[in-house]
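Me: I've got a model open and want to go over a few local features. Can you walk me through them?

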Amino acid sequence: AGISVAAVNYRFTIANKAHAPAAYLDGARALQFLRHNAEKWNLNPGFVASTGGSAGAGISMYMAFHEDLADPDSADPIARQSTRLTCIAVTNGQCSYDPRFAEKIGIPRPNFEQHQFFLPFYDITEDEIDTPCAYQLYEEAAPITYLSQDAPPAWLSYGHPDADVDENTPLGLIVHHPKFGIALKERLDELGIECVVQYLDGPEGKLVRHYGQAEDGVISEVEFVCKHLGRTD
């Protein structure tokens, strides 16, 4: 379809001791590097989508919703490039890693606190989980914090059902729950910004679009990206 693809890496929180927002900034820097080399690599810097799963989804959402990180006065030509996106298409993504936010949308605590990434991601100790300092870090690291009227369209798909969460729910579902996508969609709907959320439903576990649309309402990641990059052929 005439779309170039770049595979981007980032520092892992646990392996690299890189707490937030390190991975986000790695993604942003990679995007700026691509735009800086757009002419050399025959890229269109005005039409860029981002994708990823789980942590990669969070990075994509942060870049999508955060204000432009470009520094027009920087001596570094790469840093002067924009970090804005045309759209995102992500899987099993979390619009926030705040345990209070997760509880509010129907995922009882403990939720994120159970995962090994949690403490090193925020660079806090177990005793600091419910402190004002930690609460500020949760807000700053949550992509949903930065939503605005100029946020790009978003496609989110989940490999889990929108199931109730209790003490027997696997950690994999707790931290990759469709409720995160549904909560984001509610906010984007209020802003009039397109947001497609899909997850497994029914006894056969078919992929469906949120709001109870039939299976033929499902749209693939590639279809969504092509539509917003203007590549419908």
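Me: Where is Pro110 placed?
Reply: Pro110 is in the loop between α4 (99–104) and α5, with helices being DSSP runs of H or I of at least four residues and strands runs of E of at least two, numbered from the N terminus. This is a predicted model, where local features need pLDDT of at least 70, side-chain atom pairs count only at pLDDT 80 or more, and totals for chains, interfaces and linings use all residues. Residues are numbered from 1 along each chain as its sequence is written, and side-chain values use heavy atoms, leaving out hydrogens and water.

Me: Which residue is joined to Pro110 by a cis peptide bond?
Reply: Arg109, with omega about 0 degrees. Another cis bond joins Ala20 and Pro21, at an omega of about 10 degrees. Pro21 sits in the loop between α1 (13–16) and α2.

Me: ok, phi next. What is the phi of Asn92?
Reply: About 50 degrees, a positive value, although Asn92 is not a glycine. Most residues other than glycine have a negative phi. Asn92 lies in the loop between β2 (87–91) and α4.

Me: And phi of Asp123?
Reply: Near 55 degrees, also positive in a non-glycine residue. Asp123 is in the loop between α5 and α6.

Me: Is Asp123 buried or exposed?
Reply: Exposed, because its relative accessibility is 53% (buried is under 20% relative accessible area, exposed over 50%, partly exposed in between, with a 1.4 Å probe and protein chains only).

Me: Switching to Ala23. Which residues does Ala23 contact, sequence neighbours within four places aside?
Reply: Tyr10, Arg11 and Ile59, contact being heavy atoms within 4.5 Å. Ala23 lies in helix α2 (residues 22–36) and counts as buried because its relative accessibility is 13%.
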